[in-house]
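Have a look at the picture first, then go through the points in order.

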Amino acid sequence: MTGVDLESGSDPHQESGEAAHSPNISRADLDLHNIDKRFGEVHAVADVSLNIPAGEFFTLLGPSGCGKTTLLRIIAGLEVADRGEVVLGGDKITSLPANRRQVNTVFQSYALFPHLSIFENVAFGLRSRKTPQAEVRSRVDRRLEMLGLQTMANRYPHELSGGQQQRVALARALVNEPQVLLLDEPMSALDAKLRAQIQVELRRLQRKLGMTFILVTHDQDEALVVSDRIAVMRRGTIVQSGSPKDVYETPHTRFVAEFLGAANLIAGGYQDGCLETELGRFRLAQPVSWQEGTVAIRPERIRLSSKPAGENSFKAQIQEVIYRGTNVDLSLEPGQLRVRTGAEETFEPGKSIWLELPPEALVVLND
Amino acid sequence: MTKLLIWYGELTTRRNLTRRGLGYLSPGMLWLLWFLILPGFVLVLVSFISRGSYGQLEWNFTIENYKRLLGFSLFGWSADYLRIILRSVIVAVVTCGICVLLAYPLAFFICGRPARNRYFWLTLVIVPFWTNMVIRTYAWLLILDPDFPLARLAALLKLIPDGSALYPSALAVYLGMVSMFLPFVVLPLYSSVERLDWSLVEAAQDLYASRWRVFSQAILPQTLPGLSVGVILTFVPTMGMFVVPDLLAGAKYMLVGNLIQQQFGQSRDWPFGAAISMGLMVLTLISLQLYRRRSKEVDIL
């Protein structure tokens, strides 16, 4: 076998606890070189290369069918790539079966063993590797405690709520101290409130353990909350990657602009640092490489006022007002613009209002 | 005022439900009472009376039939009947085991076919049922005939004398039994395998499980319901089977089914036949109970 040390997970445990970066988690970068995978006619993953440094919380974000889960399964060893290499900590693991990779997965359906107790579910990986009983007990107990599951140890999966099952799935993967933890849409079955809470917990947990987490999700909020880095996928390729702030604030394409949050797209022709559009002439702050093209602006970046103000401003009519508690969403004509603003003010459909598009908020798209 | 209740979407009363339920159930109940429970009692009764010298039933209570089954006779103790019973149990257990070993790969193979081809493969499994059991067993006589390749090959390997058939033999009985009962294991197992949650298999692989551990922890517990049905459907009939051993083993390899048939037929000893039947029934129930207790350790749901 290609030098992957299966024993590295079974060091005797230091009692220093989970503080800082746990010393017993071996740190290894994950590299994907030109991964390609087809299912019949469908090109699920098209020549993807990635470097994920050890300790990063990396998110693959994209609509369903974009190939993100396939890519995750290729890393886990549950799917074989047609071409390309998976390299973990310098070792090629491309041809290593799933049960010999130092990688664990939290499955979308959790995939807990229904006939095993919570304790035995969490102990599964350790028992597969013939870990001594005393060590199994201490390691499983520690993980259960860390995730607040200590009272559930003797119960069975069907007796637990969705959120608890999700924690068990997490504990079952983490107890093996993998070099990379893969999370396949782990929160899709939870309700919105619980999801928000678990997102924050997951992020804390990852920082505390210093372990590489790779999350697959189609939920852009989730991606923004938890990630160090986001890669947006579409039709088997990564269209843009970067920090959540980068990707959100400077999308490169219409797809990224519209998939990650809402965006107003304004098309026009470029001339002398300004964009000529049907809404008016807007000054741009960013350099532009095309003659005809599109810029994007986030709904919350458009400023509203009752009288003409500053540059890039024009008059529009309110079509629809949606009250959302923390803010108000407006639809305006012309241009089918959407604006998000604070909820303090009251707006009435049919009235006219002045909009200002600050040049630094207008993002130039490449397509 | 009668209490209203909703029963599977229908507004009704408890009295109404009871009356209707009894109406639907009674034909089946009467059938079972008349053709199963009453004959069963007769069988119990007959097993405790004695046989007259011409085979007629003599109505005096005795436990002689059971003593005889356990091997006690005028001429001292002999293990002949017990040996036949033990052999039957072994044949049933081994047949079940072979069927299960063959059925798993078959069930997975069929489930692995594209959905539109699966019925074709399932039909192939069921095709033998289209032919009468006796005829199918006679077919084995032909296959095991000295002039056919199987016997020739065995003779070539010096396993049997040249020019002799592969029957009557234990091998022939097992061949007949397994081919007879394989579909009974494959079909229920197939329905379990078809509904298999593969994410559990992947989870086990992801958690470093060996092949055996994947099977025992992720596949076996999920397919246990189908497997149990198959095992019961195979074990119970093989315990009492008499056509296959009769044709393929003759007197050399007698099973308890043949013994019973003999008592009710040639020997005209109904009381003893009834006693053996009772013994077989008790043994079958004990075996099933043992199996259920064993399988409970795996299946908690």
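1. What share of the contacts in chain A with a separation of 6 or more comes from residues 24 or more positions apart? They account for 67%, where two residues are in contact if their C-beta atoms, placed from the backbone, lie within 7 Å.

2. Please keep in mind that this is a predicted model, in which local features need pLDDT of at least 70 and side-chain atom pairs count only at pLDDT 80 or more, while totals for chains, interfaces and linings use all residues. Residues are numbered from 1 along each chain as its sequence is written, and chains are lettered from A and ligands numbered from 1 in the order in which they are written.

3. Chain A has 8 helices and 20 strands, counted as DSSP runs (helices: H or I, at least four residues; strands: E, at least two), numbered from the N terminus. Its C-alpha trace spans about 75 × 45 × 40 Å along the principal axes. Of the 367 residues in chain A, 38% are buried (20 or more other C-beta atoms within 10 Å of the residue's own, with C-beta atoms placed from the backbone; exposed means 12 or fewer, partly exposed in between).

4. Turning to where the chains meet, chain B and chain A bring 17 residues each to the contact. On the chain B side, helix H8 (198-206) and helix H9 (211-240) each supply at least two residues, and H8(B) gives the most, with 6 residues. That side divides into 9 nonpolar, 4 polar and 4 charged residues; Ala, Val, Leu, Ile, Met, Phe, Trp, Tyr, Cys and Pro count as nonpolar, Asp, Glu, Lys and Arg as charged, and the others, Gly among them, as polar.

5. Finally, B:Trp130 sits in the loop between helix H4 (115-126) and helix H5 (133-143) of chain B. B:Trp130 is exposed, because 8 other C-beta atoms lie within 10 Å.
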